[in-house]
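Welcome, and please take a moment to look over the sequence and the model before reading on. The report is meant to be read with the structure open beside it.

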Amino acid sequence: MNHVLAIKQYSILLVLLSISACTTVTIDQVKVTESELLQGESVVVIGRRTGSDYETEPELISCVGKNLAKGKQGINVIPETEFVDRLYPWFEARTAPSHIKDLHRLLRYDKVKAIFSDYNVHYIIWIDGNTEKTRSSGSISCSISTVGVSCFGFGTWDNESQYEASIWDYKTKVQIGKVSSFAEGTSYVPAVVVPIPLIATVQTDACEAMALQLQTFFTSPSDIITGK
Amino acid sequence: MKIYMVTIQKLAKSILVFLCFMLIGCTTKVVVKGYFPPPVVDPLPLKVAVVYDTDFSNYSYKEQDEEREEKEISMGEAQVELFTTVLEGMFEKVVYANDVSSSNDPTIDMFFYPIIDEFQYNMPVETKINMFEVWIKYHLKVYDAHGNIIADWIQTAYGKTPTAMFKSKEKALNEAMVVALRDVGAGFILRFNHLPEIQHWIKQQEQQSAFINTHPKNYVAVSTAPTNQHIVY
């Protein structure tokens with residue numbers, strides 16, 4: 001009997017932990033020219049860090065990179081830190097090329113060009129934006145007694161993500177398109193003795209949706225990774 | 001009775017030591033640590049003697065404001081590491097000197113002497129934006145082999161890092177510091193060749209045939225290094 005009760009309790013706990021709040025994601029895409037990613041070619045995802053009151057999160061950049069790499073096509077993604085370190089000081093926050101013509105100028109430098117060739121870079125994806133808390137309300141109070149710790153109250157907050165990815169073609173030196181992602185979600189933490197967090201994973205959802213869109217971006221109807 | 005007294009004394013000492021540790025624990029200290037990659041540039045055909053004085057190599061910012069959280073930020077070691085990596089990438093030969101003086105080594109072309117002028121930081125609670133920010137102001141000086149000043153300029157650096165769940169304030173501040181140090185390195189590399197005083201001095205050296213004859217190839221390579229026009233330092 002006790003065994004059944006314990007299983008029930010664990011099941012309830014598991015269900016509660018697996019529940020997460022909802023997030024709404026809107027993706028927009030503008031594709032100027034056709035894109036083609038050949039076998040062995042790489043993509044690099046870099047965060048823009050020029051905003052004065054926000055910073056594109058490194059976790060978001062690595063999340064997009066990981067999701068791009070684990071897709072069906074298995075795009076070869078160069079980690080941001082590795083790429084930026086290898087090309088120091090040309091891709092730092094204040095020195096990174098902000099326009100495609102700046103990249104063109106930078107590539108006149110043989111050493112930089114050689115590193116791009118080493119990596120076999122075809123596309124550079126610049127991501128700009130951030131996730132922020134837009135509203136929060138409620139309160140939870142916890143008390144310690146001889147019986148243990150108990151909490152009571154209700155907390156809620158809204159998160160909003162706004163990112164824009166610009167895709168540059170290194171080979172043709174043109175911007176081939178843009179993918180923007182807007183996500184919002186509300187998280188709740190009701191607490192009756194035990195606080196139950198129902199978190200809206202806004203940044204992760206925005207990242208996954210954007211990576212998915214970017215994957216299709218590199219996939220033309222006639223199949224992208226042709227293995228030519 | 002004597003045994004009791006000794007025991008009480010030992011206990012009191014232990015409590016005192018514990019309290020001291022507690023007090024030390026309250027003082028937040030950040031020792032900046034990071035990776036500074038070698039720069040992708042053509043080295044200038046110069047032999048540079050670098051002078052790091054003790055104020056620079058042991059630099060530690062001590063917060064005077066009681067209400068601020070971070071009390072000590074030690075960055076001497078990190079900035080020495082940065083400048084060493086950057087200078088060794090920028091110049092063909094780098095040596096280290098104790099001070100700027102007329103050198104006995106005739107092969108030394110110039111002295112480089114960095115000074116830290118100012119340091120500031122901001123925590124997210126102070127600015128209400130989810131960011132740790134750091135500003136550093138350097139006073140950089142270049143002297144010729146005889147100890148005469150060639151160039152003297154201010155190089156500023158800025159670094160920021162966003163707040164993240166499960167990331168400590170110390171780690172975030174360290175990351176912002178590393179970004180700022182990389183920024184000063186990048187600014188220094190891109191600006192050095194374009195300082196009018198440095199250009200003038202290089203031209204003077206160019207006129208001396210010995211300089212051109214010994215390093216003709218490299219000099220051409222350096223003069224063609226690209227610049228990013230939009231960068232404002």
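What follows goes from confidence to the sheet, then to the helices and the chain contact.

**Confidence**

Keep in mind that this is a predicted model. For the complex, the predictor reports an ipTM of 0.81 and a pTM of 0.81. In chain B the pLDDT averages 82, and 76% of the residues score at least 70. Among the elements of chain B, H3(B) has the highest mean pLDDT, at 97, while helix H8 (residues 216-223) of chain B has the lowest, at 46. Some care is needed over residues 219-233 of chain B, where pLDDT stays under 50. For that stretch the model has 29 contacts beyond four places in sequence.

**The sheet of chain B**

Chain B has an open sheet of five strands, ordered S5-S2-S6-S7-S8, with mixed pairing. Strand S5 (91-97) and strand S8 (149-162) of chain B each have a single partner strand, so one side of each is left without a neighbour in the sheet. From one strand to the next, the twist averages 30°. Inside the sheet, strand S6 (residues 110-122) and strand S7 (residues 131-144) of chain B pair in the antiparallel sense over twelve bridges. Here Phe119(B) stands opposite Ile136(B) in S7(B).

Two helices lie across strands of chain B, as the table shows.

| Helix | Strands it lies across | Angle |
|---|---|---|
| H3(B) | S2, S5 and S6 of chain B | about 140° to S5(B) |
| H6(B) | S7 and S8 of chain B | about 135° to S8(B) |

**H3(B) against H5(B)**

How do we describe two packed helices? For H3 (residues 76-90) and H5 (residues 169-192) of chain B, the axes come within 10 Å and cross at roughly 30°. H3(B) and H5(B) are therefore roughly parallel to each other, and their crossing is right-handed. On H3(B), the contact is made by Ala78(B), Gln79(B), Leu82(B), Val86(B) and Met90(B). Met177(B), Leu181(B), Gly185(B), Phe188(B) and Ile189(B) make it on H5(B). By class, this contact has eight nonpolar residues, two polar and no charged ones.

**Where the chains meet**

Between the chains, 24 residues of chain A are in contact with 22 residues of chain B. On the chain A side, helix H4 (100-106) and helix H5 (110-119) of chain A are the elements that give two or more residues. The residues on that side divide into ten nonpolar, two polar and twelve charged.

Conventions:
Residues are numbered from 1 along each chain as its sequence is written. Chains are lettered from A and ligands numbered from 1 in the order in which they are written. This is a predicted model: local features need pLDDT of at least 70, side-chain atom pairs count only at pLDDT 80 or more; totals for chains, interfaces and linings use all residues. Axes are lines fitted to C-alpha atoms, for helices over the stretch in contact, and angles run from 0 to 180 degrees between N-to-C directions. Helices (H or I, at least four residues) and strands (E, at least two) are DSSP runs, numbered from the N terminus. Angles under 35 degrees count as roughly parallel, over 145 as roughly antiparallel, 65 to 115 as roughly perpendicular and the rest as oblique. A crossing is left-handed if the near helix is turned anticlockwise from the far one by less than a right angle, and right-handed if clockwise. Two residues are in contact if their C-beta atoms, placed from the backbone, lie within 7 Å. Ala, Val, Leu, Ile, Met, Phe, Trp, Tyr, Cys and Pro count as nonpolar, Asp, Glu, Lys and Arg as charged, and the others, Gly among them, as polar. pLDDT is the predictor's confidence in each residue, from 0 to 100. Two strands pair if DSSP finds at least two bridges between them.
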